[in-house]
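Work through the exercises below with the sequence and the model in view. Try each task before reading its solution.

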Amino acid sequence: MPSWRTHRAIVKAAWPPELPRGELLRGVLRGVVEPDIEADLVTRCRKKRCREARAPHHDPPEALVRWYYDLAHFFRASGDMYSAGRALGRALHYLHDGAVKTKKWLLLNVHDDVEAQMDQLASQLPHICNGAKHRRSNNPVEALCHAYALTSALLRQFAADAISPQVGAYYKARGRRKKIYATSAVVVAAVATAVAMPYAALVPAAVGLLAISFWMPRDYVLAMRGGAMCLRPTWGRPAMTC
Ligand SMILES: [Zn+2]
């Protein structure tokens with residue numbers, strides 16, 4: 001994985017003018033190296049047996065990165081800019097590691113070498129990326145510039161997506177309403193069917209109600225971003241939570 005110096009150099013170079021520095025930047029510089037100290041655990045299930053494993057850094061689950069992004073918004077809306085930065089930094093760590101392509105079939109792991117070269121090039125950010133190709137790669141310039149581009153995009157998105165606590169509360173209520181409407185629709189349909197054919201509607205109704213209880217409306221994600229609710233991650237056990 002890229003060195004701590006590289007992770008931090010990418011963040012500093014990509015920091016957009018529309019984001020405040022201060023506590024938020026301090027938190028990001030801490031969070032961007034944290035997953036190497038405190039691991040996030042993902043749940044892996046095979047044939048009914050589930051176990052927890054360290055989240056893979058070079059091929060991170062998208063849901064994990066997204067969840068930390070939403071968590072960062074949660075803390076920002078609650079006024080805790082340092083924790084917001086830490087959560088955002090954790091998401092960025094995985095994006096950086098994911099920019100380096102590893103070759104598992106090689107006995108000698110090439111990626112340590114790529115990362116040593118990235119470390120040397122990091123001081124030349126951002127101009128080294130002017131006109132450079134960027135993608136998930138084992139070429140150090142391409143990987144470094146890919147990590148830089150992803151960081152810049154996520155930080156700008158973070159500034160643009162901000163939701164106030166009032167709007168967060170609105171989305172929470174709207175998500176609840178949708179769940180109540182869906183539940184009522186299933187119950188009404190079940191009762192209507194049961195009048196004609198007693199018991200025939202019981203099983204489909206039970207399945208429908210179960211599905212609704214697992215369903216997470218998009219409004220809830222927006223409510224979390226506004227600090228109105230804390231969603232439990234679907235991918236495993238995070239090292240940091242709300
Ligand atoms: Zn890592």
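**Exercise 1. Two crossing helices**

Task: Determine which handedness the crossing of α2 and α4 has, and which residues make the contact.

Solution. The crossing of α2 and α4 is right-handed. A crossing is called right-handed if the near helix is turned clockwise from the far one by less than a right angle, and left-handed if anticlockwise. This is a predicted model, in which local features need pLDDT of at least 70, side-chain atom pairs count only at pLDDT 80 or more, and totals for chains, interfaces and linings use all residues. Residues are numbered from 1 along each chain as its sequence is written.

Step 1: locate the helices. Helix α2 covers residues 22-31 and helix α4 covers residues 81-98. Helices (H or I, at least four residues) and strands (E, at least two) are DSSP runs, numbered from the N terminus.

Step 2: look at the geometry. The two axes come within 6 Å and cross at roughly 40°. Axes are lines fitted to C-alpha atoms, for helices over the stretch in contact, and angles run from 0 to 180 degrees between N-to-C directions.

Step 3: list the contact. From α2 it involves Gly22, Glu23, Leu24, Leu25, Arg26, Gly27, Val28, Leu29, Arg30 and Gly31. From α4 it involves Met81, Tyr82, Ser83, Ala84, Gly85, Arg86, Ala87, Leu88, Gly89, Arg90 and Leu92. Two residues are in contact if their C-beta atoms, placed from the backbone, lie within 7 Å.

Step 4: sort these residues. Ten are nonpolar, six polar and five charged. Here Ala, Val, Leu, Ile, Met, Phe, Trp, Tyr, Cys and Pro count as nonpolar, Asp, Glu, Lys and Arg as charged, and the others, Gly among them, as polar.

**Exercise 2. The chain as a whole**

Task: State how many helices and strands the chain has, and in which pattern they follow one another.

Solution. Step 1: the count is nine helices and three strands.

Step 2: along the sequence the pattern reads α-α-β-β-α-α-α-α-α-α-α-β.

Step 3: for the extent, the C-alpha trace spans about 75 × 45 × 30 Å along its principal axes.

Step 4: the chain has 242 residues, and 35% of them count as buried. A residue is buried if 20 or more other C-beta atoms lie within 10 Å of its own, exposed if 12 or fewer, and partly exposed in between, with C-beta atoms placed from the backbone.

**Exercise 3. The nonpolar core**

Task: Find which residues have the most contacts inside the largest nonpolar core, and which helix gives the most to this core.

Solution. Step 1: the largest core has 50 residues, and those with the most contacts inside it are Tyr68, Ala72, Leu88 and Ala91. A nonpolar core is a set of buried Ala, Val, Leu, Ile, Met, Phe, Trp, Tyr and Cys residues joined through C-beta atoms within 7 Å.

Step 2: the helices that each supply at least two residues of this core include α1 (4-14), α3 (62-77) and α6 (140-160). The most comes from α3, with ten residues.

**Exercise 4. Buried or exposed?**

Task: Decide whether Phe75 is buried or exposed, and treat Trp15 in the same way: exposed, partly exposed or buried?

Solution. Step 1: Phe75 is found in helix α3. Phe75 counts as buried because 22 C-beta neighbours lie inside 10 Å. Beyond its neighbours within four places in sequence, Phe75 is in contact with Asp80, Ser83, Ala84 and Ala87.

Step 2: Trp15 lies in the loop between α1 and α2. Trp15 has 17 C-beta neighbours inside 10 Å, so it counts as partly exposed. Leaving aside neighbours within four places in sequence, Trp15 is in contact with Leu25 and Leu155. Trp15 and Leu155 are 140 residues apart along the chain, yet their C-alpha atoms are separated by 6.9 Å.

**Exercise 5. Backbone exceptions**

Task: Identify which peptide bond is cis, and what the phi of Lys47 and of Lys48 is.

Solution. Step 1: recall the background. Most residues other than glycine have a negative phi, and most peptide bonds are trans.

Step 2: the bond from Leu125 to Pro126 is cis, with omega near -5°. Pro126 sits in the loop between α5 and α6.

Step 3: phi is near 45° for Lys47 and about 70° for Lys48. Lys47 is in the loop between β1 (41-46) and β2 (49-54), and Lys48 is also in the loop between β1 and β2. Lys47 counts as exposed because it has 5 C-beta neighbours inside 10 Å.
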